[in-house]
Amino acid sequence: MAALDRWERRLISIARVIPYFVLTVTTVLYTIFTTQSVPERWFTYGVVAFGFVWMAWWFTLHPAWHRRPELMAVFIGGMVVFYAVLGLREHWFGAVSYAVYIYASELLRGRWMFLVVALTAGLATLSLFGGYPPPGEEAAFWLLLLVFVVLACTFTYVGHVTTEQSRLRKELLDENEGLHAQLLVQAHEAGVQDERHRMAGEIHDTLAQGLAGIITQLSAATGADWERRVAVAAELARENLAEARRSVYALRPPALDSAALHEALDDVASGWSKHNGVPISVTLTGAVRETHPEVEVALLRTAQEALANVAKHASASRVGLTLSYMEDVVTLDVRDDGVGFDLAVPSDGFGLPAMRHRVHRLSGALFVESEPGTGTAISARVPA
């Protein structure tokens, strides 16, 4: 495409030089072969000079005027009059009609373009015959006029169509480049937004939950049990520091480094039960199989968040966690017998939205069932 664009720019530059070149060559030929008198010659040179100035002023020196139809109508009209005067004075200037054709095809549209081209072809025929022919040559004149008009209109139309196709192609390419740039910006913004969600979820799942657990342990560190509580708080601090570092580098949770998902859930559940003093049962159904790492991370984080919510809000006496491998989906269910909550009341917490975002990123679904006094059930379902 770059090579084509270069050639197109070269052709445009050549086309805009042709009027000056043709006028120069025909003037040289006129000077060599004309039989006009000296005063007639100087008048012709004055008309030629007018033509050079006219083209330079209206077209070459003011390219911004090309988009102003009223100014270009004056320019084209002047070119037709200039060619009529010059071509009818001396047949050597008949070739200057090419200049009018080029300007008409570039600056005019529709019937005006064909009208100017046909008029110029008629003037070229008159220039060739030195004016209207005498009796006996009229048939040749009209036949040649018809040929000139048809050829000039045909080639002008072909050039016009080619130019329009090139212009439309450029517009489409520019539009495609604009859409591509827009898609890149949107993809970048989506990536930034997704990374923000990821970091927010990781911070909530690690630092926020860890700090909450540490605060709980330190707040309860009184009496004879204070040493155990402080030790648990220190252990939580170390674990969450490691989790925070892994989140920064987007690494898998340590529970999944050397264990399968159901084993990692067992470890998380036993640790949670030990820290919170609430019994928890873990159930595995279906045939265990390897799943995508992001699926395992999402389900593990969902379990951690659900258990953190139970510890903070549910006041539960029992918790059940079930991991189910089905034909095409994997589901995780977390149930408790706590105080429950009203789903109709909007929540201002980050836990449920974070879980939904994790699951929805994998084209999964999150379901929450709860009523005051009947406990809560959270179910995450993602493609296997």
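**Reading the cores and the surface**

The protein has 10 helices and five strands. The model is a predicted one.

Trainee: Why is threonine 156 called buried?
Mentor: Its relative accessible area is 7%. Buried means under 20%. Threonine 156 is therefore buried, at 7%.

Trainee: Where is threonine 156 placed?
Mentor: In helix α6.

Trainee: What makes the pair of threonine 156 and the backbone oxygen of alanine 152 a polar contact?
Mentor: Look at the distance. A polar atom of the threonine 156 side chain lies 2.6 Å from the backbone oxygen of alanine 152. The cut-off for a pair of N or O atoms is 3.5 Å. The value of 2.6 Å falls within that cut-off.

Trainee: Which residues is threonine 156 in contact with, leaving aside its neighbours within four places in sequence?
Mentor: Ser105, Met113 and Val117. Contact here means heavy atoms within 4.5 Å.

Trainee: How many residues are in the largest nonpolar core, and which touch the most other members?
Mentor: The core has 38 residues. Leu23, Phe75, Ile76, Met79, Val96 and Tyr103 touch the most other members. Helices α1, α2 (38-60), α3 (69-89), α4 (97-107), α5 (110-129) and α6 (138-219) each give two or more residues to this core. The most come from α3, with 10 residues.

Trainee: What makes a set of residues a nonpolar core?
Mentor: The members are buried residues of nonpolar kinds, joined through side-chain atoms within 4.5 Å.

Trainee: Which residues is isoleucine 76 in contact with, beyond its neighbours within four places in sequence?
Mentor: Tyr103, Ala104, Leu107, Leu108 and Val116.

Trainee: Why are Leu11, Ile14, Ile18 and Tyr98 called a nonpolar patch?
Mentor: A patch residue needs over 30% relative accessible area and no salt bridge. Nonpolar side chains are joined within 5 Å. These four form such a patch on the surface, with about 400 Å² of accessible area together.

Trainee: Which helix gives the most to the nonpolar patch?
Mentor: Helix α1 (residues 2-33), with three residues. Isoleucine 14 is found in that helix.

Trainee: How much of the whole protein counts as buried?
Mentor: Of its 384 residues, 39%. The accessible surface comes to about 21800 Å². Carbon and sulfur atoms hold 65% of that surface.

Definitions and conventions:
Residues are numbered from 1 along each chain as its sequence is written. This is a predicted model: local features need pLDDT of at least 70, side-chain atom pairs count only at pLDDT 80 or more; totals for chains, interfaces and linings use all residues. Side-chain values use heavy atoms; hydrogens and water are left out. Patches are made of residues with over 30% relative accessible area and no salt bridge: like charges are joined within 9 Å, nonpolar side chains (Val, Leu, Ile, Met, Phe, Trp, Tyr) within 5 Å. Accessible areas come from the Shrake-Rupley method with a 1.4 Å probe; for residues, only the protein chains shown count as cover. A salt bridge is a side-chain nitrogen of Lys or Arg within 4 Å of a carboxyl oxygen of Asp or Glu. Helices (H or I, at least four residues) and strands (E, at least two) are DSSP runs, numbered from the N terminus. Buried means under 20% relative accessible area, exposed over 50%, partly exposed in between (1.4 Å probe, protein chains only). A polar contact is a pair of N or O atoms within 3.5 Å; within protein, one must be able to donate a hydrogen and the other to accept it, and residues adjacent in sequence count only if both atoms are side-chain atoms.
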